[in-house]
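Me: Can you walk me through this model? I'd like to go region by region.

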Amino acid sequence: MRLDTAAIRRGCPNCEIKSFRHLCGAELDHFRKAATADGTLTVACTQQAAQFTDEAGERTDAISFVNIRETAGWSRDGARAGAKMAALLASASVTTPDYPLVTLSSDGVVLIYGRDEAAIEAGRLLADHLDVTVMLKEPGDAMPPAATVFPIVKGTIRSAKGHFGAFELAIDDYARPRPSSRDRFVFDTPRGGVTSRCDLVLDLSGERPLFPTHDLRDGYLRAAPNDPAAMLRAVLAARDLVGSFDKPKYIDVTPDLCAHSRSKRTGCHRCLDLCPTSAITPDGDHVAIDPNICAGCGQCAAACPTGAVSYTLPPADTQLQKLRAMLLAYHQAGGTNPVLLFHDSPHGTPLIDALARHGDGLPANVLPFAVNELTQVGLEAIVGALAYGASAVRFLLRAKPRHDLTGLSQTIGMAEAILGGLGFEGRRVATVETDDPDALGGHLTGIGVLAAVSTPATFKTVGKRRGLLRFALSELHRVAPKPVDVIALPQGAPVGAINVDIAGCTLCLSCVSACPTGALRDDPERPVLKFIEDACVQCGLCQSTCPEKVITLKPQIDFRAARASAKIIKEEEPALCVRCGTPFGVKSTIDRIAAKLEGRHWMYPAGDKRIEALRMCADCRVIVMSEQQFDPFKGVPERAPPRTTDDYLRQRDSKDQTDN
């Protein structure tokens, strides 16, 4: 392939660039010398990464690898791919922080759940490797083995929970076989409510999976009983699942930032709605995420409006820094109108490789960007990419996704609304859903020319997603073709304002106490409700808490909000204590209460001075009541005594006698 070293040097001006024809063979000494030098080293070859790693010895932490062959050089446009190569090299040079790990352990206790001889045969294949129990839902004519090598029981799994190394199954119709079973199993009397615990579950029942999004549940293996090849693959996979295994802890949770609930009122539930594995559960005012169950789709982190839930593989700010390095290098190297292609490694990488080896390869302006899961990509990454000079963004998805993509669809919908409002014409953000490399190439070629911003932004930020999003939005607004002040967004957006029916608001300020971000505020000196739009995350806690139900959410972006001061929504005259003059409430509310009670309630006869107690602060009210020796029960209207249990029993007995 052709290497445009001049373009690469323009895109990576602070780096020393060297090219070779056979670095892994005749020129290997050049690598050995570079590997011992100070600083970081990027090798533009992934095919021989293992060889280079062995040669590097203890210096492996300072070396990164990037593929510029299948992604750039092997293409019909390979001769014009120098800017893309510079972009890929620049992105690879950004250091990715280590991520935490979760250790799961298995002692090899497996439950094989099936219907017939297929489950028993799977047990025979695994008996020498695992602690096997076979459970048959419908034993039918299955013949008992001559010798009991592993338990074979009957039962129906009613529900399942847990994770690899700690599954818990609720079983009905459980029974053991009688030793006297001859040509078929004869079982003891079945019983329900049995609990079984195991490390692995091999489901050969052919029925509905025991878990939502079952292929993302580690330790739960499933195969159709009438597919011998699939069953054998599942058996071989189960055989190796003994010991301790590390998996990434994909999500970090900061409970103090969570806007899920306050005072038993539910506000934000975006992550709960989107989690495909049910790893997220309410935990008081916050949510809890079980790292053992979490499969790392990242939809919760992409949707979290406060940054309470954040992705670790990599963090959002690192991802944005890599995008920044890629797009800035591409433009510096002379590239124009880049299309950013997000893809994952299990599906996207082989598809791109196949297109390079057997087709026309990726167009020169298409920059592939690998992520752990496409659903981890948040709005800040799309907005930031367009601000950095990407002309369009595409997500390479499977033709049949492994889990629901609602979160990604919502993110794309919000991005389209923002870009359309700022004057970006054409289809800027979309998905490519295919397993066919030729279809991928056809789509990318057919995008056409979409102009990027004339002067790409260069901002660099660190922190959580919300801060990244706010800064990226302001930068995109600055370089947009047609900047406007306010853009309406779809429901579920993480930014916006509120509408308050002023006439119905009593300034009780319940919304202020419920607001988790301080977007709603009061004033200790006077009855007033203030709102700061830049702090609003559209969690809905104010809406669900308001006793008068006069608050509604208004998802939007107001690009002036970051510089705006607190807006006064409603302000009223304070109620002053008639005895000491201390402000203690809202005058209109106190007047309304007094008007409703005077002469209409036995405690406050018309013209009675007791009504003045309502116009006093709490301290003065106690003093006056004590001085007047006020008896709250004096004058209580006589009423029938309360009914007791004996009264109800006598009434029931009387009714029964009448019916007889």
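Me: Which residue stands opposite Val 201 in E10?
Reply: Tyr 220 of E10 stands opposite Val 201. Strands are DSSP E runs of at least two residues, helices are H or I runs of at least four, and both are numbered from the N terminus.

Me: What sort of model is this, and how were values taken?
Reply: The model is predicted, so local features need pLDDT of at least 70 and side-chain atom pairs pLDDT 80 or more, while totals for chains, interfaces and linings use all residues. Numbering runs from 1 along each chain as its sequence is written, and side-chain values use heavy atoms, without hydrogens and water.

Me: Back to E9 and E10. Parallel or antiparallel?
Reply: Parallel, over three bridges. Two strands count as paired if DSSP finds at least two bridges between them.

Me: Which strand is joined to E9 by four bridges?
Reply: Strand E4, residues 109–114, and that pair runs parallel. Val 110 stands opposite Leu 200 of E9.

Me: Are the faces of E9 covered or open?
Reply: Both faces are covered. Leu 200 and Leu 202 are buried on one side, Val 201 and Asp 203 on the other. Buried means under 20% relative accessible area, exposed over 50%, and partly exposed in between (1.4 Å probe, protein chains only).

Me: What's in the loop between E9 and E10?
Reply: Thr 213 lies there. Thr 213 has a positive phi of about 45°, although it is not a glycine.

Me: What phi does Asn 337 have?
Reply: Positive too, about 45°, and Asn 337 is not a glycine. Asn 337 sits in the loop between H10 and strand E18 (339–343). Asn 337 is partly exposed, at a relative accessible area of 23%.

Me: Which peptide bond is cis, with omega near -5°?
Reply: The bond from Leu 313 to Pro 314. Pro 314 belongs to the loop between strand E17 (309–311) and H10.

Me: How does the lining divide by residue type?
Reply: Into 18 nonpolar, 16 polar and four charged residues. Nonpolar covers Ala, Val, Leu, Ile, Met, Phe, Trp, Tyr, Cys and Pro; charged covers Asp, Glu, Lys and Arg; the others, Gly among them, are polar.

Me: New topic, H2. Which residues are buried?
Reply: Leu 28, Phe 31 and Ala 35, in a helix that spans residues 28–36. Down the axis of H2 they fall within an arc of 55°, so they line one face. The arc is that of the directions from the helix axis to the C-beta atoms.

Me: What's exposed on the other side of H2?
Reply: Asp 29, Lys 33 and Thr 36.

Me: What order do the strands take in the open sheet with E24?
Reply: E24-E25-E27, three strands with antiparallel pairing. E24 (520–523) and E27 (567–571) each have a single partner, so one side of each lacks a neighbour in the sheet.

Me: How many bridges between E24 and E25?
Reply: Three, with E25 spanning residues 526–531. Leu 520 has Phe 531 of E25 as its bridge partner.

Me: And the order in the open sheet with E26?
Reply: E22-E26-E23, three strands, antiparallel. E22 and E23 are the edge strands, each pairing on one side only. Five bridges link E23 and E26 (residues 551–558). Gly 496 stands opposite Pro 555 of E26.

Me: Where is Gly 492?
Reply: In the loop between E22 (486–488) and E23 (496–500). Gly 492 is partly exposed, at 44% relative accessibility. Gly 492 and Leu 386 are 106 residues apart in sequence and 22 Å apart in space, C-alpha to C-alpha.
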